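Please find some comments on the entry below. They are set out as numbered points.

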Amino acid sequence: MEFLTAHFVEIMFYTLAALTVASAVGVVAFRNPVHSAISLLASFLFVAALFVMRHAEFLAAVQVLVYAGGIMVLFLFVIMLVNVKRLDPEQVFLSGKAPAAVAAGVLLGALIAFGYLAGSLGPVGPGPEALRMVDGAVAGNTEAVGWLLYRQYLVPFEVVSVVLLVAMIGAIIFGRRDAGLEEGGGRMEQ
Amino acid sequence: MVQYVPIVLFTLVAVSFPIVTLLIAKAVRAGSPHPVKGEPYECGVPATTTAFETRFSIRYYLIAVLFVVFDVETIFLFPWAVMFEKLALFGFIEMMVFLAILLVGYVYAWRRGALEWA
């Protein structure tokens with residue numbers, strides 16, 4: 001009991017991290033794509049809990065609202081759209097993609113190792129106070145995000161709107177019944 | 001961390017409630033399945049294929065993408081709204097530029113008929 005209370009944060013973190021990884025493995029392990037999507041949803045929610053543990057409450061709320069809400073709907077629609085049936089395991093599992101998968105894994109490991117050694121990803125990051133400071137005064141996490149985002153990271157914020165615009169127009173172009181682009185401004189045909 | 005205990009308890013209850021309900025229903029219900037009982041009764045038409053063999057219209061995807069885009073836009077409004085007074089006019093102009101760029105996409109979607117279903 002004493003051990004539990006003394007190491008409560010560590011126990012919570014490793015439990016949540018293990019659950020996140022387990023549900024992420026489930027995404028690729030399940031045969032049924034809808035089961036994979038449910039597993040991905042669980043993974044998103046555990047990541048949100050990890051954000052809460054790092055005192056990033058705003059990110060946690062966004063994770064639930066956007067990823068568990070919006071992105072999941074998108075994934076489920078795509079699963080329904082592309083007519084995926086139960087696939088043969090040898091047909092999909094690393095069919096000719098093994099070198100790419102290994103390379104991606106090694107690169108990710110190298111990136112994490114570099115970040116760890118460079119100190120920006122170390123076991124002790126900025127404390128909870130740093131995530132709620134506004135102009136030298138302690139406020140909330142959402143306020144701190146707003147203060148940084150709309151002053152220091154002004155250009156990335158405006159670029160986001162262009163990225164969203166491109167996503168929207170791209171979806172409309174791809175979603176047209178006649179995929180050709182012969183006449184501009186044509187309305188969608190039934 | 002202690003203030004999250006009610007949320008954890010709430011989540012546990014919310015997750016276990018449907019599971020327990022289904023288990024209780026499975027334990028107490030009378031089991032006499034018949035194919036006729038599974039047919040649509042006075043509503044809908046008999047299904048010809050399972051959900052996976054049916055291909056859905058691309059319009060669902062379009063609606064989902066537009067939903068996600070405007071969802072993300074709304075998320076960016078939250079930290080701006082709570083800091084509205086401190087960010088003052090600079091923040092206001094900044095957000096209007098952001099909204100104006102997205103309004104272009106909204107007008108484009110509208111003009112292209114992407115918001116119409118029929």
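Predicted model: local features only at pLDDT ≥ 70, side-chain atom pairs only at ≥ 80, totals over all residues.

1. Local features were taken where pLDDT is at least 70, and side-chain atom pairs count only at pLDDT 80 or more.

2. Chain A is assigned two domains, domain 1 covering 1–84 and domain 2 covering 127–178. Taken over C-alpha atoms, the centres of domain 1 of chain A and domain 2 of chain A are 22 Å apart.

3. Contact between the two domains involves four residues of domain 1 of chain A and five residues of domain 2 of chain A. On the side of domain 1 of chain A that touches domain 2 of chain A, two residues are nonpolar, one is polar and one is charged.

4. Within chain A, helix α3 runs over residues 33–53.

5. Which residues of α3(A) are buried? They are A:P33, A:L40, A:S43, A:F44, A:L45, A:F46, A:V47, A:A48 and A:A49. The cover over the buried residues of α3(A) includes α2 (8–29) and α4 (57–81) of chain A. After α3(A) comes A:H55, with a positive phi near 65°.

6. Between the chains, 40 residues of chain A are in contact with 39 residues of chain B. On the chain B side, the elements that give two or more residues are α2 (58–82) and α3 (84–111). The largest share is that of α2(B), with 19 residues. By class, the side of chain B that touches chain A has 30 nonpolar, three polar and six charged residues.

7. Helix α8 of chain A, residues 154–174, packs on α3(B) at an angle of about 5°, and the two axes are 9 Å apart. Angles under 35 degrees count as roughly parallel, and α8(A) and α3(B) are therefore roughly parallel to each other.

8. From α8(A), this contact uses A:L154, A:F157, A:E158, A:S161, A:V162, A:L164, A:L165, A:M168, A:I169 and A:I172. From α3(B), the residues are B:E94, B:V97, B:F98, B:I101, B:L102, B:V104, B:G105, B:Y108 and B:A109. What is the make-up by class of the contact of α8(A) with α3(B)? It has 15 nonpolar, two polar and two charged residues.

Definitions and conventions: Residues numbered from 1 in each chain as written. Chains lettered and ligands numbered in written order. Domains from an automatic or database assignment. Contact = placed C-beta atoms within 7 Å. Nonpolar A, V, L, I, M, F, W, Y, C, P; charged D, E, K, R; others polar. Helix = DSSP H or I, 4+ residues; strand = E, 2+ residues; numbered from the N terminus. Expected span 1.5 Å × (residues − 1). Buried ≥ 20, exposed ≤ 12 C-beta atoms within 10 Å, placed from the backbone. Axes fitted to C-alpha atoms, helices over the stretch in contact; angles between N-to-C directions. Parallel < 35°, antiparallel > 145°, perpendicular 65-115°, else oblique.
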